[in-house]
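Subject: Structure handover

Hello,

Here is the structure for your files. My notes follow below it.

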There are 2 protein chains.
Amino acid sequence: MPVLVMKFGGTSVATLDRIRRVAKRVGVEVAKGYDVIVIVSAMSGETNKLVGFVNETSPLFDAREYDAVVSSGENVTAGLMALTLQEMDVPARSWQGWQVPVRTTSAHSAARIEEIPTDNINAKFAEGMRVAVVAGFQGLSHEGRITTLGRGGSDTTAVAFAAAFGAERCDIYTDVDGVYTTDPRVSPKARKLDKIAFEEMLELASLGAKVLQTRSVELAMRYNVKLRVLSSFGEQSDDAGTLVCDEEEIMENCPVSGIAFSRDEAKMTLVSVADRPGIAAAIFGPLSEAGVNVDMIIQNIAEEGRTDMTFSCPTDQVMRAEKALSEAKTRGEINFNELIADKDTAKISAVGIGMRSQSGVAAKMFKTLSNEGINIKVIATSEIKISVLIDRKYMELAVQALHDAFELEKA
Amino acid sequence: MPVLVMKFGGTSVATLDRIRRVAKRVGVEVAKGYDVIVIVSAMSGETNKLVGFVNETSPLFDAREYDAVVSSGENVTAGLMALTLQEMDVPARSWQGWQVPVRTTSAHSAARIEEIPTDNINAKFAEGMRVAVVAGFQGLSHEGRITTLGRGGSDTTAVAFAAAFGAERCDIYTDVDGVYTTDPRVSPKARKLDKIAFEEMLELASLGAKVLQTRSVELAMRYNVKLRVLSSFGEQSDDAGTLVCDEEEIMENCPVSGIAFSRDEAKMTLVSVADRPGIAAAIFGPLSEAGVNVDMIIQNIAEEGRTDMTFSCPTDQVMRAEKALSEAKTRGEINFNELIADKDTAKISAVGIGMRSQSGVAAKMFKTLSNEGINIKVIATSEIKISVLIDRKYMELAVQALHDAFELEKA
C-alpha cells in the first residue's frame, strides 16, 4: 500500500480532544488506502517546561542528559495517539526514536539523522497495522544514547521518514493553513500560496517565516519529497494547504512569490578599518566564535587603504558582537576607528525563483520603497532573493507596498 | 569499589530543590568511597497525570501503550538527577530501562524483572563514573517494548539492581523515617524499629503498612539484599531508618514486632452452605474470577451436612462478591440460605518472628482485647502472625491496647 507521512505539531496535539481530532484525520487517510506514518511533537508547553527544568538545574548542561529529559514529551504524545487510533479501531502502535531506531550523529541537541531502517515498521504494516506513530524530534546516537534534532526537529523527522519509506507525500499539520505571500498580520492582502518551490521555501524559512524547520526543507529538496503544509483545524482535502515541491511542478513562476521580513536585525558598521588581505577573516572569525549570526556583509570601497565594513546580525547579539570586536582590537588583530550599532532596523526580502529569468525585480523593489520615502540602508542579493535593511518603523509600510507592487494578492 | 543502591520516591524528587537535596545525600555516599546506583521515581503527581491521560483516552487501554506513556516520568527525573550531580562535580549519567537493559517479562503494566546485565554500567564505573542514575519502574520486554512493573515498582527495581550488582545495601529513601511498631497516627507510642526481619516486613507490607512494595521485600529476601528504609528529609547517618534483613542478624527477637491493621475489611458469611467435597472451590473460584481479594477464610463445623462459610475481603469489593456468589447460586454451583455482609469491621494483626519460639502470644492478644470489651469476630493465624476481625469502631483502641500489652514502646 502507498505510504503517507503526517506530522502534527505541538498545538495540534495540545489536549486529548485535539489528539482525537487529528486522529480522525489520520483515519480518513487510512480509509483511502494509505499506510500512514504519524510523526508527533510534544503536547504544547511540555518541551518548554522540560527545557526550563534543565536550564534551572544546570545552566551549562550536559547535552546528553538534556536530550534524555526533553525527548520525553514526544513519547507521551506517541503513546496517546496510538491509543486514540486503537479506540477508533485503526490498528496502530507507537515507536520511540530508539525503537525504530532513528540513527543520528552524536551532536546532542542538534543531531542530524543518518539512517532510518524501514524493516521493523514495514513488517508491522505487512501484518496489518495501518498506522505507525513515531515520536518526532529524537533519535539514537552510535553510543546508544538519546539525541534530539533541535527545535522544530519533528519536521525533519517527518521528511526523513517520507524519504526512507518512499512516501507519496509528507503532510505537515500545523496551526496555520499554509505558506502565505507574507505575514497576514502585517498585510491583510496576504494570500495563501497553493504551491511553492523548495528553494523559495528555504529562503522564506530562513528569513523568519517560521512555518517549517529549514533543515526539513533542505532534506525534502535533496530527496524530492513532496511536502505539504496545512492546518490541523481547517477542512481536510487533497488540495488544502501549500505544496512545497520541485520547481518543475510549478507551471508559471511569478518573479516574486513572497515578501519575508525579520523585525530584529541590527546594522553594525566598523568605521575606517585598515584594509588588507585577510581583514574579513580577522573580523568575522571572532564574531563566529562568539556565536554571532552574521547575515548580510557589505564592504565599502574607501580611500587610502582604509574601508568601512558593515554587517547585520540579530539585535540581541549586538552586545556580544561589540565585545568580540573590541577584544580583537585589543589583541591587535584588527584596527578600526569606531563601531556604530544601529539597532532600529528591519530586514525585508523579496523571494522568487522567477527572478532568475526575469529582470527588473530589484529596480522595482527600490523604486517602490523610494516612492514611500523609505531609505535603504543595506542591500544584499542572491539568485532568488533581494534583501534590504530599512528603519524598523517603516517595516509594515514596506511589506504592504511591496506586496502591492508585485501584485501578490492575485493568484 | 563497593556498590550502594539508593532509591528515591516521588515525594523525594518532587521539585528541583528536593532533587538537589537528595543529590547531596548521594554525594555523601560517593565521598565515603561507594560507587552508587541511584533509582528514581517520577516527580510526584507526574505518573498520576499520565495515567489519567491514558484512562481518559482509552478506558480499556492497550497495556503496551500505557507503559510507553507512563514510564516517561521516571526518565525526566533520571536526567535531571544526573545533571544535578554533575553540577556538584560528581561524575554521573542517566540510564533509561531499555538502555541497561532491564529485561522483564512481557506482562505489560505488571512485568517482572528477569535479568539486569551489569557490564554496561560497570564499564562506566571502571572509567571513573561514580553514580549511575537509573529510571525506576520500567524495563524492556523480549519484543523490544517498554514495560512497567506496577505501582511501587521502583522499590523492586532498586532491590533487583542491588542483587545484580552485589550491593552492600539498598537504601530506600521515602517520606517516612522507617518502619514503626504501628502507625504513629493511631498510637502515639509507636516506636521506630531499628531492624526487622524480611518475613515480618512481608507480613506488615501486605497488611497495609505501605512503606515498601511487597514484591521488593520478597526479592530482597530471596537474594538476601540488606534493605534499609529511611527518610529523604531527616538526618543522614549509617544507622538511620530501619534495616530490613535476615532474621539471623537480629540478636533478640521479641515475640511481637509490630501491630498492623487494615481499616476497610468486610466480613462475609454464607449461611447454611451444603457441605460437600469441592464446595470451597465452588465458592472461591467465582470470587477469584470476579477479582475479589479474599483474605481470611473460616469454615464453621455445622450439622446435617450444612456449614457456614466466612471470609473477609476489602469493603469496596463487597458488591462484586455478592454478585459473583448469587450468580453461582443461580447457576446451581453452590447452595446457601443467606449471605450476610458485615462492612463495619477492621483487621488487626500482631506480627513477629519471635512467635515461632514463644508461646502464649495468641492468648495474650485475646485477653487484651477481652479486657477492653472488644469482641473478636474472626481469627486467622500464620507462623508469625495472628489476625483478628473486630468492629471498626474499636480499631484504634485495639491497636493501642495491643501495643501496650506487648510493650512495643520499649526498645
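In α9(A), residues A282(A), P286(A) and L287(A) meet A321(A), A324(A), L325(A) and A328(A) of α10(A); contact requires C-beta atoms, placed from the backbone, within 7 Å. By class, this contact has seven nonpolar, no polar and no charged residues (nonpolar: Ala, Val, Leu, Ile, Met, Phe, Trp, Tyr, Cys and Pro; charged: Asp, Glu, Lys and Arg; polar: the others, Gly among them).

This is a predicted model: local features need pLDDT of at least 70 and side-chain atom pairs pLDDT 80 or more, while totals for chains, interfaces and linings use all residues. Residues are numbered from 1 along each chain as its sequence is written, and chains are lettered from A and ligands numbered from 1 in the order in which they are written.

Helices α9 (279-289) and α10 (318-330) of chain A pack at about 130°, axes 9 Å apart (axes are lines fitted to C-alpha atoms, for helices over the stretch in contact; angles run from 0 to 180 degrees between N-to-C directions). Helices (H or I, at least four residues) and strands (E, at least two) are DSSP runs, numbered from the N terminus.

α10(A) also lies across β13 (258-274), β15 (306-314) and β16 of chain A, at about 130° to β16(A). Those strands belong to an open antiparallel sheet of six, ordered β14-β15-β13-β16-β18-β17 (chain A); strands pair if DSSP finds at least two bridges between them. Its edge strands are β14 (297-300) and β17 (378-382) of chain A. Seven bridges join β16(A) to β18(A), and T345(A) has D391(A) as its bridge partner in β18(A).

Regards

Definitions and conventions
Two residues are in contact if their C-beta atoms, placed from the backbone, lie within 7 Å.
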